[in-house]
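Me: I am new to this structure and would like to learn how to read its features one at a time. Could you take me through them slowly?

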Amino acid sequence: MNALIKEYTDFAVEKAVELLAIDSPTGYTMNAAKWVKKQFDDLGYDAEITVKGGVTVDLGGEGNGTLLMAHIDTLGAMVKEIKSNGRLKIVNIGGSKAVTTNTENVKIITRYSGEYEGTIQLINASSHVNSKIDNHEQNYDTIEVVLDEDVSCAEDVEMLGISAGDFVCVEPRTRVTDTGYIKSRYLDDKLSSAILLAYAKFLKDSGTVPARHIYLHFTVFEEIGHGGGSFCPADCVEAISVDMGCVGEGLTCTDRMLSICAKDGGGPYHYDVVKGLETAAINCNADYAVDVYTNYSSDVDVLVKSGANVRHGCMGPGVYASHGYERSHKDAVASTLLVLDAYLD
């Protein structure tokens, strides 16, 4: 795969950009799931949408099964209340933080009345009016959505068809720089979802039959903790979350590297898988790091806690500023593809 790594890296980034443009906060993922299914159908695979709303794909192969998991649901918010002044009080979906969404443009998706635009702002956000704005605490009680509609009271908003329970999607602001950086909300985990798509394309293009029977599961409830427990084929002996690698103080991974997670908040990953992934990284000269993520969990954590009798692991491209405006790099994508190929073969 090394000679073709740029082609499939570029393909992964191209497809990530397409997927990032599809709003899919946890609970509203059907459009992203349909997109994923179509991508695999177009490649000649049989992809299925599960009862729960995820997507499963059988890539074929020989020997015992290995399940690769990525998630296409993202953080987001939901309308909790229409305020008397026509603003919207919202609550977070998943680990979304008010401090990272303040001043972002949003889309409100109603159940029956289409979509509306707005902006998340601090309450009383004008610095020429609010002299204490520098000390304004930022949480979901101190921010609101200002609609881009002529509304001044709750009744005006209700007439638009906006109501409690409507989804609020934050604009991803996706950019790929000339220097190879990928910047966007929701690289966690749409970047790795696109990497799995690129790996599947490589297998199909090259006519490669994997040395393992490989299954994919694109989950849709990872951000709230129950995405990965609903699918594990009977012949699987191993399951690996292909998610994001954390970047920050106390860690060795950067946003240009592959991350291999040795332990997260749920405990250590299986020793054989961690060592196997690292050995594969060494053998294919991938730029990688092994780290411990104490404030982290993955789909495969959920799978093993549900009782699946599999070895488990976690890997993925390094992503800086997770759960905010995130950044990775094409180098990290390339290293992830290289190690997937080396490890699974």
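Me: Where does Tyr186 lie, and is Tyr186 buried or exposed?

Reply: Tyr186 lies in the loop between β11 (181-184) and α5, where helices (H or I, at least four residues) and strands (E, at least two) are DSSP runs, numbered from the N terminus. Tyr186 is buried, with a relative accessible area of 11%; buried means under 20% relative accessible area, exposed over 50%, and partly exposed in between (1.4 Å probe, protein chains only). Please keep in mind that this is a predicted model, in which local features need pLDDT of at least 70 and side-chain atom pairs count only at pLDDT 80 or more, while totals for chains, interfaces and linings use all residues. Residues are numbered from 1 along each chain as its sequence is written, and side-chain values use heavy atoms, with hydrogens and water left out.

Me: Which backbone angles deserve a second look?

Reply: Most residues other than glycine have a negative phi, and most peptide bonds are trans. Tyr186 has a positive phi, near 75 degrees, and Arg173 also has a positive one, near 55 degrees. Arg173 lies in the loop between β9 (167-170) and β10 (175-176), and Arg173 counts as partly exposed because its relative accessibility is 35%. As for the peptide bonds, the one from Asp188 to Asp189 is cis, with omega near 10 degrees, and Asp189 belongs to helix α5 (residues 187-206).

Me: What does Ser193 touch?

Reply: Contact means heavy atoms within 4.5 Å. Ser193, which is also in helix α5, touches Leu19, Ala70, His71, Ile72 and Phe218, not counting residues up to four places away in sequence. With a relative accessibility of 3%, Ser193 counts as buried.

Me: How many residues does the largest nonpolar core have?

Reply: A nonpolar core is a set of buried Ala, Val, Leu, Ile, Met, Phe, Trp, Tyr and Cys residues joined through side-chain atoms within 4.5 Å. The largest one here has 105 residues, and those with the most contacts inside it are Phe40, Leu59, Leu88 and Phe218. Helix α5 supplies the largest share of this core, 11 residues. Apart from this core lies another, of five residues, among them Tyr28, Ile93, Ile109 and Phe167.

Me: How should I read strand β15, and which strands pair with it?

Reply: Two strands pair if DSSP finds at least two bridges between them. Strand β15 (residues 258-264) is largely enclosed by the rest of the structure, because five of its seven residues are buried. Five bridges join β15 to strand β17 (residues 288-292), and these two run parallel, with Lys263 opposite Val292. With strand β18 (residues 311-320), β15 pairs in the antiparallel sense over three bridges, and there Ser259 stands opposite Gly316. Strand β16 (residues 267-268) is an antiparallel partner of β15 over two bridges, and β15 and β16 form a hairpin with two residues between them.

Me: Which residues are closest to the centre of the largest pocket?

Reply: Rolling a probe the size of a water molecule over the atoms shows where empty space is left. On a 1 Å grid over the protein atoms alone, a pocket is an open set of points where a 1.4 Å probe fits, with protein on both sides within 12 Å along at least five of seven lines, and lining residues have an atom within 4 Å of a point. The largest pocket holds about 420 Å³ of space, a volume being the space filled by probe spheres set on the points, which are joined across faces, edges and corners. Of the 21 residues that line this pocket, the closest to its centre are Cys246, Asn295, Tyr296, Ser297 and Ser322.
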